[in-house]
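Please open the structure in a viewer and keep the selection tool at hand. The stops below are meant to be followed in order.

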Amino acid sequence: MFGALEFLAWLWLTVPPPPAIGEPTILPAPPGSLVRPKNADQAGTVASTAPPPTGAVSGYMDFHFNQPTEGSPAVVDFHRFVLLFTHRFSDRLRFVSELELEHAVVEGMEEGGELELEQAYIDFLVKPALNFRAGMLLVPVGIINERHEPPVFHGVERPFVDTVIVPSTWFDAGAGVHGSFGKGFRYRAYAMAPLDATQFSAEEGLRGGAQNGVEAQVRNVALTGRLEYVGTRGLQAGVSFWRGATGFNVPRIDTKVGLFEVDARFTRGRLEARGQHAQVYIHGAGPLNDTMTRLTGVDPNIAEQLRGSYLEASYRVLPGTAPHDAALFLRYENFDTQFRMPPGSVKLPQFDRDAWVVGATYWVDPDVAIKFDYSHVRNQSTVVPAPRTINVGLGWWF
């Protein structure tokens, strides 16, 4: 152990400070994002780490109007108000944080909004290929979880796959390494607090299982990582995973979760396309269902496998000489939180779903987007209806 600390100290003291390294969450959009913000790096490969024009404080917000078509009341919601605070202690040491208020009001024990510390970490920058990070971290899985500012994705709401299969926004306490190497490769690899299997559900899968750094149980840490390729202009591709034991609240049950995900984004001229596939494996789902039924009196009907995919295409309709920008988009999603069930459990058809989402995004500024879409969700049930919604949103970041 002492030898490892000596080696890190030697690296810290002898290796020159690294050049700026792209940061997926608080800094200008990387290649493959929907827009190129005004402060984006012109090389098109790795974003600059220089603070935004407003200084060490930045943020994003989104405001939604949702109108179900089956006659339910419309809803207006100031969905998110997020502030990002950063500080650079030196060329080698920086701090990044993200504080989010959801649904405008926090009401103590009553139903209301949420106040969450989604990021708060220290970066120890050694060299481009090897840097260290520790604190509250975003799980590096999928397109949206690390890159969820409203101007950089189409649609008022986040994709369903990035909600019920990959439970965005997914964050927890952890530590690990990150860096870039070769011609356009980037990676992140962390040890993090595991998920709590007692919070899984039939409808939303892993969502609710994150401990979010609240006195998190870490008897068995989880491992997660992502490898990205951004070396070809207009292309960004990635593969990511998460794996860990999840049964610490039911210690006699051996439950483990594995998640594998692959995604790609491509831009050619005015045409943009992206796709993602995610698969979740829950080992021990049968005994977990039996135990939770005895403890609560309700069978959670958790699946052994969850699966989701989507494909999206968009086209920019305004000429490059126009002062603003606009795009039309179409997205198809297929997501099933009960793709494979353990023996003795019944697959419920309302959780085998797909969706068509069609709409438009209008950027009055590269950092301010007005969004409109129609979301048509279908399921395999003949009894439980699926929602169809008209959505209007305003999102911005600074």
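Begin by selecting Phe185, a residue that is partly exposed, with a relative accessible area of 30%; buried means under 20% relative accessible area, exposed over 50%, and partly exposed in between, with a 1.4 Å probe and protein chains only. Before going further, note that this is a predicted model, in which local features need pLDDT of at least 70, side-chain atom pairs count only at pLDDT 80 or more, and totals for chains, interfaces and linings use all residues. Residues are numbered from 1 along each chain as its sequence is written, and side-chain values use heavy atoms, with hydrogens and water left out.

**Aromatic pairs**

A search of the whole structure finds eight aromatic pairs. Rings of Phe, Tyr and Trp (its six-membered ring) pair if their centres lie within 6.5 Å; planes under 30 degrees apart count as stacked, over 60 as edge-to-face, and the rest as tilted. Phe185 belongs to strand β7 and Tyr229 to strand β8 (residues 222–229), so that the pair links distant parts of the chain, 44 residues apart. Helices (H or I, at least four residues) and strands (E, at least two) are DSSP runs, numbered from the N terminus. Tyr229 has 25% relative accessibility and counts as partly exposed.

Next, select Tyr332 and Trp356, another tilted pair, with 4.8 Å centre to centre and 50 degrees between the planes. Tyr332 is in strand β13 (residues 325–340) and Trp356 in strand β14 (residues 352–365), 24 residues apart. Tyr332 counts as partly exposed at 28% relative accessibility, and Trp356 counts as partly exposed at 40%.

**Charges over rings**

Select Arg340, which lies over the face of Phe339 at 4.2 Å from the ring centre. A charge sits over a ring if NZ of Lys or CZ of Arg is within 6 Å of the ring centre and within 35 degrees of the ring normal. Then select Lys371, which lies over the face of Phe153 at 3.8 Å from the ring centre.

**A buried loop residue**

From Phe153, move to Ile144, one of the residues that touch Phe153. Ile144 is found in the loop between β5 (130–138) and α2. Is Ile144 buried or exposed? At 0% relative accessibility, Ile144 counts as buried. Not counting residues up to four places away in sequence, Ile144 touches Phe153, Arg158, Pro159, Asp162, Ser168 and Arg274, where contact means heavy atoms within 4.5 Å. Ile144 and Arg158 are 14 residues apart in sequence, and their C-alpha atoms are 7.7 Å apart in space.

**Salt bridges**

The structure holds 19 salt bridges, each being a side-chain nitrogen of Lys or Arg within 4 Å of a carboxyl oxygen of Asp or Glu. Select Arg133 and Asp123, whose side chains meet in one of them (2.8 Å, N to O). Arg133 lies in strand β5 and Asp123 in strand β4 (residues 114–127), so the pair ties together parts that are ten residues apart in sequence. Both Arg133 and Asp123 are buried.

Select Arg186 and Glu228 next, where the salt bridge is 3.1 Å, N to O. Arg186 lies in strand β7 and Glu228 in strand β8, so this pair ties together parts that are 42 residues apart in sequence. Arg186 and Glu228 are both buried. Salt bridges that share partners join Glu146, Arg186, Arg188, Arg226, Glu228, Glu261 and Asp263 into one network.

**The nonpolar core**Which residues have the most contacts inside the largest nonpolar core? They are Ile165, Phe200, Leu206, Trp242, Val280 and Ile282, in a core of 39 residues. A nonpolar core is a set of buried Ala, Val, Leu, Ile, Met, Phe, Trp, Tyr and Cys residues joined through side-chain atoms within 4.5 Å. Elements that each supply at least two residues of this core include β11 (271–283) and α3 (285–296). Apart from it lies another core, of five residues, among them Tyr60 and Trp397.

Finish with α3, where the buried residues include Ala285, Leu288 and Met292. What covers the buried residues of α3 includes β11. After α3 comes Gly297, whose phi is positive, near 85 degrees.
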